[in-house]
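Student: I have a new structure on my screen and would like to learn how to read it. Could you walk me through some features?

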Amino acid sequence: MPLIFCKNRFVCHLLYCPCIYISEQQNGGAIMVFSSLQFIFIFMPIFFGCYYIVPDKIKNFILFIGSLCFYFVGTIHNPEHFILFILSIVADFAIGIWIEKFPARKKILLAIGVILHLISLAVFKYSGFVINEMSRLNPSFNFTADVVLPIGISFYTFQGISYIVDVYRGNAKAERSLLRYAVYISMFEQLIAGPIVTYGQVEKELYKRKIKVSSVLKGMGVFIFGLGLKVLLANPIGKLWSQTCAIGFESISTPLAWMAITAFSFQIYFDFFGYSLMAIGLGKMLGFKLPKNFDHPYTSLTMTEFWRRWHITLGAWFREYVYIPLGGNRNGKIATVRNLLIVWLLTGLWHGAGYNFVLWGTVLFLIIMLEKFFIGKYLNKMPVIAHIYMLILIPITWAIFAIDDIAQLGVFFTRLFPFFGQGVWSIFRYDYLKYLNLYYPFFIAGILFSTRLPFRILKQIKSRVVICLLLSVIFGASVYCMYRGFDDPFLYFRF
């Protein structure tokens, strides 16, 4: 069946908008997502049953085989992606050893390792966009490309680079066991969409880890809570954004435009936050402590603070392996601004190949520079004004992120700010009332779970019976929704 694109291709691709036919096979296969019946009722019982009964010395082998099976399912229609993944693991393992063995050549070896990763990322993630743009701009260049992005390549590439850089710096010793290194890269709980884990964060557990019943139970609880955020909150509220895209931006009212982009803001947060919690929960069940990836970013007072609390492991990676090597803030204001600009442009491009991602990174850079040199200190002293400021900026920046058609992005902004366009109202004057009536419970839940309050209340509950009952309700409701087919893929699988 051919692809039929609406005006907002990126959003359709993410959210299974009715304007486009999408199958999971376009991403390399039928991805076995955490929020699926197959993963919960087939993969998890089989894998964890084997994992827990074998002796400790065999657990790494079982985890590696289970992770390969997990990844293979997603690459079954593109076996070259699976081969690339294996070659990447072997290459990094060898380069790490050679860096220690041949210190006089370690710079060359580091450069080779980093370049190999960047080439594979460029070929699979950006070459299609570049070739298609060249064809669009120059009709005589009669080529088109439809490159399928390997699942998780952005994440395992960054982990591989961090490993060889840490060995080069002497911050980590080269791993001498190919199995242990392969487990570090391939652990299924964080392979597809993070958190981005450095070797030093899990090195001890790779050698020896204790599986405690209390940790397993706590991990299951964290997994179920993340599952609930994904299935019961992110998925349903995200439907408002996809419905708005299907209507067409030029046909919606200003209130509906703000409702829709707010819904997307909640969707991308609870989708990725939910996934991260599920990954951390699975890590606890395996005996690993994975790093936290979110710290209630929507309660931030500035965009600078927001990006310290959103996708924490990605920010830490760019700080440690790009910003600091460039000089950080050690060489004066001009160099600091330059370094931050590079980091934010790379952050935008890491998320995808498109002009909107470059624009998104540039806008975030400009906002953060404005805060750094002018308004940040005032916002931190005036929390009420700061929260209003962020309530406006967060949806605006997510709109740039979500809409890859620059012309349609312009149309959408005329709906957000009607004094630039046709006015506040749409063809259907009170369209927003219809959708508000359908989605207001999810908006209330989104606001509530964006704060620390629900998590503080949960920590205060001491009764195991109450906790078990609550988790059972969340799990049962999530399974029901998945059974009914309400299990959209995770947004960050695209990256």
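This is a predicted model: local features need pLDDT of at least 70, side-chain atom pairs count only at pLDDT 80 or more; totals for chains, interfaces and linings use all residues.

Student: Let's start with charges. Which side chain meets that of Lys59 in a salt bridge?

Tutor: To call a salt bridge, look for a side-chain nitrogen of Lys or Arg within 4 Å of a carboxyl oxygen of Asp or Glu. Here the side chain of Lys59 meets that of Asp56, at 3.4 Å from N to O. By this rule there are nine salt bridges.

Student: Where do Lys59 and Asp56 lie?

Tutor: Start with the general idea: an α-helix has 3.6 residues a turn, so residues three or four places apart point the same way. Both Lys59 and Asp56 belong to helix H3, residues 56–75, and they are three residues apart, about one turn of the helix.

Student: Is Lys59 buried or exposed?

Tutor: Lys59 counts as buried because its relative accessibility is 4%, and the cut-off for buried is under 20%.

Student: Which residue forms a salt bridge with Arg309?

Tutor: That is Glu305, with the closest N and O atoms 2.3 Å apart. Arg309 and Glu305 share helix H12, where they sit four residues apart, again about one turn. Both of them are buried. Salt bridges can also share partners, and in this way Lys292, Asp295 and Arg452 are joined into one network. Within it, the side chains of Lys292 and Asp295 meet at 3.9 Å, N to O. Lys292 is partly exposed, with a relative accessible area of 48%.

Student: What about a charged residue without such a partner: how far from Asp166 is the nearest side chain of opposite charge?

Tutor: The distance decides this one. Asp166 is buried yet has no salt bridge, and the nearest side chain of opposite charge, Arg169, is 4.4 Å away. Asp166 lies in helix H6. Setting aside neighbours within four places in sequence, its contacts are Asn171, Ala172, Thr198 and Tyr321.

Student: How should I read a whole helix, and how many residues does H14 have?

Tutor: Compare its span with what is expected for its length, then see which residues are covered. H14 runs over residues 333–351, so numbered, and has 19 residues; from first to last C-alpha it reaches 27 Å, close to the 27 Å expected at 1.5 Å a residue. Among its buried residues are Ala335, Leu340, Val343, Trp344 and Trp350. The buried residues of H14 pack against helices H5, H6, H12, H13, H15 and H16.

Student: Now Phe93: where is it found, and which residues is it in contact with beyond its sequence neighbours?

Tutor: Phe93 is found in helix H4, residues 79–101. Phe93 is buried, with a relative accessible area of 12%. Leaving aside neighbours within four places, Phe93 is in contact with Glu175, Arg176, Ser177, Leu178 and Tyr181.

How values were computed. Residues are numbered from 1 along each chain as its sequence is written. Side-chain values use heavy atoms; hydrogens and water are left out. Helices (H or I, at least four residues) and strands (E, at least two) are DSSP runs, numbered from the N terminus. The expected span of a helix is 1.5 Å times one less than its number of residues. Buried means under 20% relative accessible area, exposed over 50%, partly exposed in between (1.4 Å probe, protein chains only). Contact means heavy atoms within 4.5 Å. Lys and Arg count as positive and Asp and Glu as negative; His and the chain ends are not counted.
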